[in-house]
Amino acid sequence: MTLVDAGVAAGYTVADFLLLAAAGFTLLAIGMLYRAVRGPTMQDRVLAVNVLGTNTVVILAILAAALSEPTFLDIALVYALLNFLMAIAISKFTVERGGVL
Amino acid sequence: MWWVTDDAAESVTDDAVDADSAGDAVDAGSETRPTVVVPVEPSPTLRATVAHVVEAATDGEFSALHFVEIASWRDGDPGSDDRTAEAQRVLERVVAWAEADLDDADGDAGDDVAVVSALIGADEYLFGPDDYVDVLAEYAEEHDADTVLLDPEYTPVGNTTLLQPLEFALSNTSLTVRTAPVGRPTRPERLRSEATGVRFAAMFGLSLAFYFVLGDPLYWFDWVTGVATAAIVSITLSRISLDADPAVPRTPMRLVRGAIYVPVLLYEILVANLVVARVILDPRLPIEPSMNRMRVIVGSGLPLMTLANSITLTPGTLTVRARDSDLYVHSLLPWAREGLFDGGLERWTRFVYYGRSAARLPTPRERGDHAVLQGPDATEELPIAAADGGETDVEDAEATDTAGGAEEEVTDA
Amino acid sequence: MDAAGTLGTLRVGLIVVFTLLGLFFSFVSMTGVLRLPDVYSRAHTASQADTLGAGFGLAAVALAVGWEGAGFKTVLLLFFIFVTNPTAAHAIARAAFEEGIVPWTEGDDRR
C-alpha cells in the first residue's frame, strides 16, 4: 500500500483527491485561455501561454503522483524547459530591436 | 573642445597615417604633442604594449603617458583593499617598465616624457563598456589627453569579452583610439588559456550531477552518456556560464548564505502574496500601479540577476528592465513600492554575495537612488520609446473590447 | 511505504493542504491575468501568484511520491520553476516596455 492509496475522507484516496486537484488546475488553465485568445497585445498572449504552461507542468506532476507514473515527471521537466524557452524566444523576436536578455 | 575629431577618425582606421600626422605635429612644435591614456590590466601583452607606447613617445608622438587601471570593484566592498593593493603593484610595475624603456631610449628623446599612473573608477560600480568609457573619457578630459591606446589583450576583471565593445564605445567619443600593434596570440590559444581548469571542473561536476538526478547513477550506460554530455556542456559553456573561478572560502560561503536567504525569501513571497491576493480578489480592484526606477548597489552579473529575480518574485513588484545598475521596477501597490525603496532585498543580496559586513548600507531612499516615474507622486519622466500621445489608440480600442460590453465607455471618452 | 500511523496521516494532511493552497494561488493568478488592466500588472500575478501556486502543487506531489528518484525530480522541477518563472515574466515585461507600451495608471480608460 503506497501513500497515494491512503484514504483522505469518506472512502476517497489521496490519488482520487490529486486527480480532482488536477481537474481544478485544468479548469484554471482553460480560464487562462481567454487571455491568450483576446490579447490585446502580443505580450499578453505570451504571458497567458506561459502561465498556462506552468499550470500544465503542475498538472503533469500531479498526474505522475496520482497515477504512479514517474515518467510523467520527465515530461514535466522538458515541458517546463520548453515553456521557459518559448517565453524568452517570443519576447526576443517580437521586439524589433532585439536584445531582451 | 580643442581636439580635432576628424583626425581621430583617421587615426583609428590607419595606424601608419596616424604616425605620419603625429610626426608632422612634432615638426610643428612639441607643445602640441598629445597626452596618451593607456588602460592597463595584467595581460600577456602588457609588457609589449608598454614598450610600444614608450617607443611612440620617444619618437615624439606623445609628451605624457598616463597608465590607468580602471577598478571593476568599488571601494568599501569586502576584498576591495586587496584588489586595490594588487592594482597598485601592477601600476608600479608598469611605471618601472616605462621608465626603464625611456632610459634605454637613444639620446635625450625620453627626457621630457612624463609618466603618470592612476587608479580610477573605484568610487562606483562599472557594468559595461559604456561605464568604462565614461570613466576613461572623464579622466582624459581632466588631463587634456586626446588618445587612448589599448592593449590588445586588455580585459578588465570579470569582463572576458570587453575589448571589442570597448573599442566600439570609445569610437563614439572624441578620443582617438589605437590598439597597440603587438603580438596578439591567435584565438584558439586564447580560448584555451582563459578556460581555467577550475571552471571546467565545476561545470563538469554540476552537469554530471544534474544528469544523474534524472538518470540512474548505478547503471553503467548512464555513466557513459552522462560523462559525454557533461563534457560537451562544460567544453562549450564553462567560459560562458562562469565568469570567475569558484574559490574555496567564497563559493561555499555564498551557498551557505544563500541557504539562509531562501527561507527568508519564501516567507516574504508568502506574506506579500496574501496581500496581493486580497487586492486582486477584491471586487473594487484597488490597485495603483506605477513604474519606478531604482539604482542599486550590487555587483553586475549574478548578484544583479538574483536581486532582479527576487524583486520579481516578491508580489507587487516586477523588474521590467535592468540597465547597468538602474532597475526599472513596476509596482502594483504603493505599499510594495515603499517596501522596495526600503532596500531589504538589496541588503539581503549583498549579504548573500559579500557577507554580513557588506549588508550594512543606507536604503535607496536614504541614498536618493530612487524615483517614481508615473502617477501623482512622479518625480521623473518615463523613459519609454513611444511618447505619451495617442500611440495606444488601437490597443485602447481592443483592450476596451475585451472588458466585454464596454463600448459605452469608449464613446464617453 | 506504510501510510498508516501519525506520520502518514500528517503527510496526507499536508498533501491536502498544499494542493488546496496551490489551487488557491493558481486561482488568484488566473483572476489577476483576466482582471488586471495592462500587461505589466498581469505579469505580476503571472510570475508571483502562479509561481507560488505551482510551488505548492509541486510540494504536494513531492510529498506524495516520497523521498526517492521521482521526489528529487519534483524538487528539481520546483527549483526550476522558481528560477525561470520570474525570468520569463521579466523578459515579457521588458519586451512590452521596449515596444513602448505605457503602463496603465489611475484614470486610464484602457482595461
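Reader: Why is B:Asp144 counted as exposed?

Author: This is a predicted model, so the call rests on computed positions. B:Asp144 has 11 C-beta neighbours inside 10 Å. The cut-off for exposed is 12 or fewer. Therefore B:Asp144 counts as exposed.

Reader: Where does B:Asp144 sit?

Author: B:Asp144 is in the loop between α5 (129-142) and β4 (145-150) of chain B. Its phi is near 55°, a positive value in a residue other than glycine.

Reader: What makes A:Ser68 partly exposed?

Author: Count again. A:Ser68 has 15 other C-beta atoms within 10 Å. Buried needs 20 or more, and exposed needs 12 or fewer. The count of 15 falls in between, so A:Ser68 is partly exposed. This residue lies in the loop between α2 and α3 (71-94) of chain A. Phi of A:Ser68 is near 55°, a positive value in a residue other than glycine.

Reader: Which parts of chain A have the lowest and the highest confidence?

Author: Strand β1 (residues 7-9) of chain A is lowest, at a mean pLDDT of 65. Helix α2 (residues 42-66) of chain A is highest, at 89. For chain A overall, the mean pLDDT is 82. In that chain, 82% of residues reach 70 or more.

Reader: How many residues of chains C and A are in contact?

Author: In chain C, 46 residues are in contact with 48 residues of chain A. A contact here needs C-beta atoms within 7 Å.

Reader: Which helix of chain C gives the most to that side?

Author: α4(C) does, with 17 residues. The side of chain C that touches chain A divides into 28 nonpolar, 11 polar and 7 charged residues.

Technical notes. Residues are numbered from 1 along each chain as its sequence is written. Chains are lettered from A and ligands numbered from 1 in the order in which they are written. This is a predicted model: local features need pLDDT of at least 70, side-chain atom pairs count only at pLDDT 80 or more; totals for chains, interfaces and linings use all residues. Two residues are in contact if their C-beta atoms, placed from the backbone, lie within 7 Å. Helices (H or I, at least four residues) and strands (E, at least two) are DSSP runs, numbered from the N terminus. Ala, Val, Leu, Ile, Met, Phe, Trp, Tyr, Cys and Pro count as nonpolar, Asp, Glu, Lys and Arg as charged, and the others, Gly among them, as polar. pLDDT is the predictor's confidence in each residue, from 0 to 100.
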